Amino acid sequence: MPLDPEFVTALSEHSIELDDAVAEKIQHYVTVMWRWNEDINLTRHTTWDLFVSRDLRDCLQLAPLLEAGEEVLDLGSGNGIPGIPLAILRPDIEVSLAESVAKRAKVLSEIVGEIGVQVTVYGARGEDLLEDFRFTSVVSRAVGSIAKFCRWIEERWMNVDRLLLIKGPKWLEERGEARHLGVLANLQLRKVAAYPLGDAEESEGVILQIWPKESTRYQE
Ligand SMILES: C[S@@+](CC[C@H](N)C(=O)[O-])C[C@H]1O[C@@H](n2cnc3c(N)ncnc32)[C@H](O)[C@@H]1O
């Protein structure tokens, strides 16, 4: 499928370079996802510029943080961000999606089936899945506050090495709340990526890594 000129323009305006084969797969995902979006609410980012500047940018920041061979769960995948682009950008990792709304989970299965990416979709709450399945990284965007995630994972760290949360500028408030509630007491939190969101307020997007204090895995 040739690349849509508007997608190519958006990539170039946001200084993003992708292999043609990767760009084609991403375009396939987005066009299929937008088609479903006409029937079921999945995204408000319905232009190439919004997709590239908001969604793809986050996925491109997340992708290099993962190690080859990781088993990754995208908790609260919704429209497939970040899990589906991640699976396209990093075919050397195993990606699963958890989506608690059954209708959306079914659509996610249809999307990954149609575009032919190797991704497992669970129609379930992510924190419930973590009782039975193990993942090296749980990644997520726009699902819950830092405190909410800490509580969801509190009793399940034996099945997760780390959380990687994509956050906007409110992350500092969220960290304050999580500290206040004491849910970070046994955890380490590090900002592992920071990047301009390109908006008028010149705000910053970040990726936060959270993992148990007792684990030496991510020490510098
Ligand atoms: C605002 S959307 C975000 C979608 C996508 N991650 C993004 O960044 O565009 C949040 C999605 O997470 C789902 N969700 C919320 N809590 C969840 C949980 N505990 N486990 C799985 N899915 C959850 C919701 O049903 C919804 O589809």
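**Group meeting: a walk through the model**

Okay, let's start with a pair of helices. Helix 2, residues 20-37, and helix 5 have axes that come within 10 Å and cross at roughly 145°. Before I go on, please keep in mind that this is a predicted model. Back to the pair: helix 2 passes helix 5 in a right-handed crossing. And who meets whom there? On the helix 2 side you have Lys 25, His 28, Tyr 29, Val 32, Met 33 and Trp 36, and they meet Val 107, Ile 111, Glu 114 and Ile 115 of helix 5. Sorted by class, the residues of that contact come out as seven nonpolar, one polar and two charged.

If you're wondering about the two numbers I gave for the pair, that's just how it's done: two packed helices are described by the angle between their axes and the distance between the axes.

Helix 1 and helix 3 pack at about 40°, and their axes are 8 Å apart. The crossing of helix 1 and helix 3 is right-handed. From helix 1, the residues Glu 6, Phe 7, Ala 10 and Leu 11 meet Trp 48, Asp 49 and Val 52 of helix 3. That contact has five nonpolar residues, two charged ones and no polar ones.

Now, the inside. The largest nonpolar core is made of 53 residues, and the ones with the most contacts inside it are Tyr 29, Val 112, Val 119, Leu 163 and Leu 165. Which helix gives the most to this core? That's helix 3, residues 48-62, with six residues.

Skip its neighbours within four places in sequence, and Tyr 29 is in contact with Gly 80, Ile 84, Pro 85, Ile 88, Ile 111 and Ile 115.

On to the ligand. There are 17 residues around it, and Gly 76, Gly 78, Ser 100, Arg 141 and Ala 142 come nearest. As for the make-up of that shell, it's six nonpolar, six polar and five charged residues.

Ser 100 sits in the loop between strand 2, residues 94-98, and helix 5, residues 102-115. Is Ser 100 buried or partly exposed? It has 18 C-beta neighbours inside 10 Å, so Ser 100 counts as partly exposed. Leaving out neighbours within four places in sequence, Ser 100 is in contact with Ala 124 and Arg 125.

The other one is Ala 142, which lies in the loop between strand 4, residues 135-141, and helix 7, residues 146-153. Its phi is near 60°, which is a positive value in a residue other than glycine. Ala 142 counts as partly exposed because it has 13 C-beta neighbours inside 10 Å.

Follow the contact from Ser 100 and you land on Ala 124. Ala 124 is in the loop between strand 3, residues 119-122, and helix 6, residues 126-129. Again setting aside neighbours within four places in sequence, Ala 124 is in contact with Ala 98, Ser 100 and Leu 129. With 16 other C-beta atoms within 10 Å, Ala 124 is partly exposed.

While we're around here, take a look at Ala 105, back in helix 5. Not counting residues up to four places away in sequence, Ala 105 touches Glu 99, Val 121 and Gly 123. Ala 105 has 19 C-beta neighbours inside 10 Å, and the cut-off for buried is 20 or more, so Ala 105 counts as partly exposed.

Two backbone details before I stop. Where is the cis peptide bond with omega near 5°? It runs from Ile 81 to Pro 82. Pro 82 is in the loop between strand 1, residues 71-75, and helix 4, residues 83-89. From Pro 82 to Ser 100 it's 18 residues along the chain, and their C-alpha atoms are separated by 16 Å.

The other detail is Ser 15, which has a positive phi of about 55° although it's not a glycine. You'll find Ser 15 in the loop between helix 1, residues 5-13, and helix 2. Ser 15 is exposed, because it has 6 other C-beta atoms within 10 Å.

That's my tour, thanks!

How values were computed:
Residues are numbered from 1 along each chain as its sequence is written. This is a predicted model: local features need pLDDT of at least 70, side-chain atom pairs count only at pLDDT 80 or more; totals for chains, interfaces and linings use all residues. A residue is near a molecule or strand if its C-beta atom, placed from the backbone, lies within 6 Å of it. Ala, Val, Leu, Ile, Met, Phe, Trp, Tyr, Cys and Pro count as nonpolar, Asp, Glu, Lys and Arg as charged, and the others, Gly among them, as polar. A nonpolar core is a set of buried Ala, Val, Leu, Ile, Met, Phe, Trp, Tyr and Cys residues joined through C-beta atoms within 7 Å. A residue is buried if 20 or more other C-beta atoms lie within 10 Å of its own, exposed if 12 or fewer, and partly exposed in between; C-beta atoms are placed from the backbone. Helices (H or I, at least four residues) and strands (E, at least two) are DSSP runs, numbered from the N terminus. Two residues are in contact if their C-beta atoms, placed from the backbone, lie within 7 Å. Axes are lines fitted to C-alpha atoms, for helices over the stretch in contact, and angles run from 0 to 180 degrees between N-to-C directions. A crossing is left-handed if the near helix is turned anticlockwise from the far one by less than a right angle, and right-handed if clockwise.
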